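Please read the following report alongside the sequence and the structure displayed below. The text takes up a few local features in turn.

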Amino acid sequence: MKLLIASDLHGSAYYTQMLLAREAQEAPEKLILLGDVLYHGPRNDLPRDYAPKQVIAQLGPLAGKILCVRGNCDCEVDQMVLPFPVLADYGWLYLDGRTVYLTHGHVINKAHPLAFAKGDILLHGHTHVPAWEPFGEENLYLNPGSVSIPKNGSARGYLTLEDGVFQWKTLSGDVYHTLTL
């Protein structure tokens with residue numbers, strides 16, 4: 001199974017369209033969104049082509065394919081307009097004997113983790129900075145970075161997972177890091 005994982009769209013119709021072009025090219029079974037879908041938040045500048053209503057329309061046709069967790073900028077009114085669940089604080093996947101925890105990162109993160117088992121993976125956005133770091137007892141923290149408002153000089157991008165291989169990619173599809181489990 002192939003997954004495309006992205007975070008922090010922040011209502012940018014321009015960058016959401018770029019992500020969806022990559023989604024069409026990558027052809028994943030599921031699109032996982034790690035929160036902050038529509039709103040830019042009070043600490044961020046407006047992203048290019050900030051148009052939450054357009055983002056709703058862009059994501060709508062993929063509603064059955066999207067798994068989403070709630071970000072710190074997502075709220076109940078977002079659920080009223082998006083055709084897929086967006087208010088779960090976390091989710092998880094089972095991958096080759098490991099649990100992959102999906103969250104936005106503003107509550108559950110490396111500093112405030114859940115009770116992870118040895119080898120589990122924490123996957124979250126929120127920081128807008130891509131990451132692939134060990135922590136805890138042989139655990140991994142992974143972050144796809146941000147689609148629309150990258151920070152610390154990082155590229156706008158996303159992450160794919162296929163056959164136990166994570167790949168960090170720019171919105172043009174260029175791979176810049178690979179991690180094999």
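How many disulfides does the structure hold? In this predicted model, the structure holds zero disulfides. The reasoning rests on a cut-off, since a disulfide is a pair of cysteine sulfur atoms within 2.5 Å. For C68, the closest cysteine sulfur is that of C75, and because the two sulfurs are 12 Å apart, they are too far from each other for a bond. For C75, the closest cysteine sulfur belongs to C73, and at 9.4 Å this sulfur is likewise too far away for a bond.

**Helix α2 and its buried side**

Helix α2 spans residues 52-59, and its buried residues are V55, I56, Q58 and L59. Because these residues cover an arc of only 165° around the axis, they lie on the same side of α2. K53 and A57, on the other side of the helix, are exposed. The packing partners of the buried residues of α2 are α1 (13-26), β2 (30-33), β3 (66-68) and α3 (76-81).

L59 is one of these buried residues of α2, and its relative accessibility is 0%. When its neighbours within four places in sequence are left aside, L59 is in contact with L9, T16, L20, L33, V37, I66 and F84. A separation of 19 Å lies between the C-alpha atoms of L59 and G145, two residues that are 86 residues apart along the chain.

**The loop between β2 and α2**

Both P47 and D49 are placed in the loop between β2 and α2. P47 counts as buried, because its relative accessibility is 7% and the buried class lies under 20%. Apart from residues up to four places away in sequence, P47 touches H10, S12, H40, S148 and I149. With S12, from which P47 is 35 residues apart along the chain, the C-alpha separation is 5.7 Å.

D49 counts as partly exposed, at 46% relative accessibility. Its backbone deserves a remark, in that D49 has a positive phi of about 50° although it is not a glycine. D96 also has a positive phi, near 45°, and is a residue other than glycine; the place of D96 is in the loop between β4 and β5 (98-103). D96 counts as exposed, because its relative accessibility is 65% and the exposed class lies over 50%.

**Strand β8 and Y141**

Y141 is found in strand β8, which comprises residues 139-143. At 6% relative accessibility, Y141 counts as buried. Its contacts, not counting residues up to four places away in sequence, are with K110, L122, H124, T127, A131, W132, E133 and F135. Y141 and N109 are 32 residues apart in sequence, and their C-alpha atoms are 8.4 Å apart in space.

The accessibility values of several residues discussed here are set out in the table.

| Residue | Relative accessibility | Class and source |
|---|---|---|
| L59 | 0% | buried |
| Y141 | 6% | buried |
| P47 | 7% | buried |
| D49 | 46% | partly exposed |
| D96 | 65% | exposed |

**The largest pocket**

Rolling a probe the size of a water molecule over the atoms shows where empty space is left. In this model, the largest pocket holds about 150 Å³ of space. Its lining is made up of M1, L3, L93, Y94, L95, V100, L161, E162, D163 and G164. The elements that give two or more residues to this lining are β4 (90-95) and β9 (157-162). Which element gives the most to the lining of the largest pocket? That element is β4, which gives three residues.

Note on methods: Residues numbered from 1 in each chain as written. Predicted model: local features only at pLDDT ≥ 70, side-chain atom pairs only at ≥ 80, totals over all residues. Heavy atoms only, no water. Buried < 20%, exposed > 50% of the residue type's maximum accessible area, 1.4 Å probe, protein only. Helix = DSSP H or I, 4+ residues; strand = E, 2+ residues; numbered from the N terminus. Arc of directions from axis to C-beta. Contact = heavy atoms within 4.5 Å. 1 Å grid on protein atoms, 1.4 Å probe; cavity = no way out; pocket = protein on both sides within 12 Å on 5 of 7 lines; lining within 4 Å. Points joined across faces, edges and corners; volume = space filled by probe spheres on them.
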